[in-house]
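The structure comes first, and the notes follow.

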Amino acid sequence: MGNLARNIGRTALGATAVGTATLAYAAGIERRHWTLRQATLPVLAEGARPLRVLHISDLHMTPNQKSKQRWVSELAELNPDFVVNTGDNLAHQNAVPAVIRALGPLLDVPGVFVFGSNDYYAPRPKNPVRYLTKTYKRIHGIPLPWRDLRAAMVERGWHDLTHVRRLLTVDGQTIAVAGVDDPHLRRDRYSDIAGKPDRSATLRLGVTHSPEPRVLDAFAEDGYDLVMAGHTHGGQLRVPGYGAIVTNCQLDRTRARGASRWGAHMWLHVSAGLGTSPYAPVRFACPPEASLLTLVPRATSGNEEDGATDSARFGAGADVG
């Protein structure tokens with residue numbers, strides 16, 4: 001019995017050590033392992049020139065996250081044609097200047113945005129087990145200065161797509177864009193933007209924070225080519241060989257990050273985002289990311305390839321908090 005007890009004790013200690021090391025990696029290293037994902041999607045009209053679209057989401061910024069701010073500002077060196085921000089920029093009452101500083105020169109590039117729940121309300125401490133269920137009661141944190149953030153981005157030329165449809169010209173090509181307010185908070189009113197987008201547009205783009213299927217279905221029914229979303233954090237904690245455990249919305253976990261088809265025509269791109277809640281500052285097998293999408297014409301043969309093979313480039317840095 002003595003040997004058995006010692007073996008059990010060693011096993012328990014080993015498991016504890018592995019768990020501690022994993023948590024240290026997830027909290028101290030991976031959540032600051034800034035990553036650029038790249039993918040090619042066949043969504044443009046026949047004969048169109050490729051467009052380079054930078055997808056930024058879920059910054060969850062606090063004022064002292066300096067390396068995140070530096071890394072995001074350097075994304076301007078990619079020379080995107082267009083920027084899409086799918087919300088959850090804030091995680092602190094005083095974070096608006098930090099977000100604008102991070103976006104910096106990207107605000108000189110044509111861009112659009114919608115807001116997420118953590119633009120409207122500050123995060124709160126939560127029991128992590130609640131994310132494994134869909135029955136918990138949502139309790140909002142203190143209000144955040146989303147109006148100040150909106151004013152700063154609009155002043156620099158970006159378009160707020162909250163329940164708005166627009167025709168934009170990017171690199172000489174017409175993009176029909178539309179967006180909804182955050183479906184996670186059930187603030188979406190798709191009826192405000194319902195209807196077929198301009199069929200002559202090079203790209204018909206829908207934007208939402210949370211990729212709720214009811215909203216994706218509506219965009220698909222109206223004939224959009226691509227919808228871009230965030231919110232899921234890619235699952236935030238992923239199991240190698242299995243993927244995301246949860247998505248924190250009604251989207252199935254296999255679509256928690258990256259590109260996938262939604263219906264017969266439309267593509268969906270979900271960003272795993274660049275931040276975490278200050279109360280759950282961990283990522284595992286899911287580094288923080290921005291995405292550079294190269295949009296190309298749709299195949300004319302009816303035999304469209306996946307086109308979503310992606311690569312990653314990592315940056316380095318360290319934040320406090």
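Cys-286 is buried, at a relative accessible area of 0%. The model is predicted, and the values here are computed from it. Cys-249 also counts as buried, because its relative accessibility of 7% lies under the 20% cut-off. Across the whole structure, the search for disulfides returns 0.

Strand S9 covers residues 226-229. Leu-226 and Met-228 lie on one side of S9, Val-227 and Ala-229 lie on the other, and all four are buried, which leaves both faces covered. In a regular strand, side chains alternate between the two faces of the sheet.

S9 pairs with S8 and with S13, as tabulated below.

| Strand paired with S9 | Bridges | Direction | Example of bridge partners |
|---|---|---|---|
| S8 (residues 203-207) | 3 bridges | parallel | Leu-205 and Leu-226 |
| S13 (residues 266-270) | 4 bridges | parallel | His-269 and Met-228 |

Leu-226 of S9 is the bridge partner of Leu-205. Between S8 and S9 the chain passes through helix H6 (residues 213-222), in a β-α-β crossover that is right-handed. On the S13 side, Met-228 has His-269 as its bridge partner.

Leu-237 has a relative accessible area of 38%, so it is partly exposed: the value falls between the 20% and 50% cut-offs.

Conventions
Residues numbered from 1 in each chain as written. Predicted model: local features only at pLDDT ≥ 70, side-chain atom pairs only at ≥ 80, totals over all residues. Heavy atoms only, no water. Helix = DSSP H or I, 4+ residues; strand = E, 2+ residues; numbered from the N terminus. Buried < 20%, exposed > 50% of the residue type's maximum accessible area, 1.4 Å probe, protein only. Disulfide = S-S within 2.5 Å. Pairing = 2+ DSSP bridges. Right-handed = clockwise from strand over helix to strand, strands pointing away.
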